[in-house]
Amino acid sequence: MNWYPPPLLSQAGRRFLVTGASAGVGFFTAARLAGAGAHVVLSARSPERLEAAAAAIRGARPGASVETLVIDQSSLESVRAGAAALTAGPLDGVVANAGMVHTPGARLESADGNELVLATNVLGHFALLARVLPLLTPGARVVLLGSLATRLSTFRVDDLQLTLGYDFWRAYAHSKIAMQVLGFELDRRLRAADAPVSSLVAHPGYSISGRTPRVPGVNEPDARTRFADSLQAAWSQGKHRGAEVTLHALTSPAAIGGQYWGPRWWMKGEPALHTPTRTSTDPDVGAHFWAFAENATGESFTVGA
Ligand SMILES: NC(=O)c1ccc[n+]([C@@H]2O[C@H](COP(=O)([O-])OP(=O)(O)OC[C@H]3O[C@@H](n4cnc5c(N)ncnc54)[C@H](OP(=O)(O)O)[C@@H]3O)[C@@H](O)[C@H]2O)c1
């Protein structure tokens, strides 16, 4: 059954921030929102790649309302500057999507002294959300990108900086567990504060570039990648389809705070409600990680004060 593209409600008059919008799932999330009438702030670290993404959206949808904002999620200084630039107006949603997917083979640290994958994928978003939360309108949603990888690894609650044991796979899975922990903890804190804003976690299954439409300057896989990825067709999908899970969590009346959305068949398919790992939703783990993140970023993140 071909479920793509599912309907998307009009987003006219709404303003969204999508991090990591210069490529992949983030690009297609931003493009669909702009196509539905929203104003979208596309954020990522490279001005050139951001401009290419914005040009692709404008080219495909004349009249699309997009702007670019350079934020390097691995740098707290860059995140703070980006958050300051966003105060120009209210936000109806934030998609915390930027991520280092191809992680380094050896443990590296960010300019701020945090393990680089955690810094980029999670701590930068923690600091960004701490600063933009006051901009969110009633009914606004935050969607954080998790992963199926959270089922295949464990959370090092006593070694969140991975100083005792690092490998590239653990670093990625660990950062995605942390992202899910953050998303569910944020929603618990929003509920406790009776805030009219919610937080959800979405994962795009296994979404790969060789099964994704060509977009000049944004997605141009070579013939070899197209061929290799086509061999994985049975258990993969394009990133444009993966983006639909994020869009559903962000905009569907059927989605509410604290939920976990993914593709129906885990790796691929239309958006469906899933059950996250127990670690992801454990309030003790959430509180522990929150305190760690405040310390690691120097951000006091109080919800609803
Ligand atoms: N694709 C999947 O199957 C899959 C599965 C599970 C979860 N996810 C999650 O979904 C999200 C998007 O994945 P994807 O497959 O679309 O990845 P992608 O194609 O590699 O895109 C990642 C995006 O994040 C940006 N980014 C990377 N490092 C950054 C930094 N330091 N500062 C700001 N932006 C940065 C990239 O910008 P540049 O162009 O500058 O690198 C790009 O725009 C990630 O959080 C990933 O963990 C993906």
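Student: Which pocket is the space taken by the ligand?

Tutor: Please note that this is a predicted model. A molecule is assigned to a pocket if more than half of its atoms lie within 2 Å of the grid points. For the ligand, the space taken is the largest pocket.

Student: How much space lies in that largest pocket, and which residues are closest to its centre?

Tutor: About 1,600 Å³ of space lies in the largest pocket. The lining consists of 49 residues, divided into 20 nonpolar, 22 polar and 7 charged. Closest to the centre are Gly99, Met100, Val101, His102 and Lys239.

Student: How many residues surround the ligand, and which are the closest?

Tutor: The shell divides into 11 nonpolar, 12 polar and 5 charged residues. In total, 28 residues surround the ligand, and the closest are Ser22, Val25, Arg45, Arg49 and Tyr172.

Student: Which residue places a polar side-chain atom 2.9 Å from a nitrogen atom of the ligand, and what share of the ligand's area does the protein bury?

Tutor: Oxygen atoms of the ligand lie 2.7 Å from a polar side-chain atom of Arg45 and 3.1 Å from a polar backbone atom of Gly20. The polar side-chain atom at 2.9 Å from a ligand nitrogen belongs to Asp72. Taken alone the ligand exposes 890 Å², and the share of this buried by the protein is 89%.

Student: Where is the peptide bond cis, and which residue other than glycine has a positive phi near 60°?

Tutor: Most residues other than glycine have a negative phi, and most peptide bonds are trans. In the segment before strand 1 (15–19) lies Pro5, and the bond from Tyr4 to Pro5 is cis, with omega near -5°. In the loop between helix 5 and strand 6 (198–202), the residue with phi near 60° is Asp194.

Key: Residues are numbered from 1 along each chain as its sequence is written. This is a predicted model: local features need pLDDT of at least 70, side-chain atom pairs count only at pLDDT 80 or more; totals for chains, interfaces and linings use all residues. Side-chain values use heavy atoms; hydrogens and water are left out. A residue is near a molecule or strand if one of its heavy atoms lies within 4 Å of it. A polar contact is a pair of N or O atoms within 3.5 Å; within protein, one must be able to donate a hydrogen and the other to accept it, and residues adjacent in sequence count only if both atoms are side-chain atoms. Accessible areas come from the Shrake-Rupley method with a 1.4 Å probe; for residues, only the protein chains shown count as cover. On a 1 Å grid over the protein atoms alone, a cavity is a set of points where a 1.4 Å probe fits but cannot get out, and a pocket is an open set with protein on both sides within 12 Å along at least five of seven lines; lining residues have an atom within 4 Å of a point. Ala, Val, Leu, Ile, Met, Phe, Trp, Tyr, Cys and Pro count as nonpolar, Asp, Glu, Lys and Arg as charged, and the others, Gly among them, as polar. Grid points are joined across faces, edges and corners, and a volume is the space filled by probe spheres set on the points. Helices (H or I, at least four residues) and strands (E, at least two) are DSSP runs, numbered from the N terminus.
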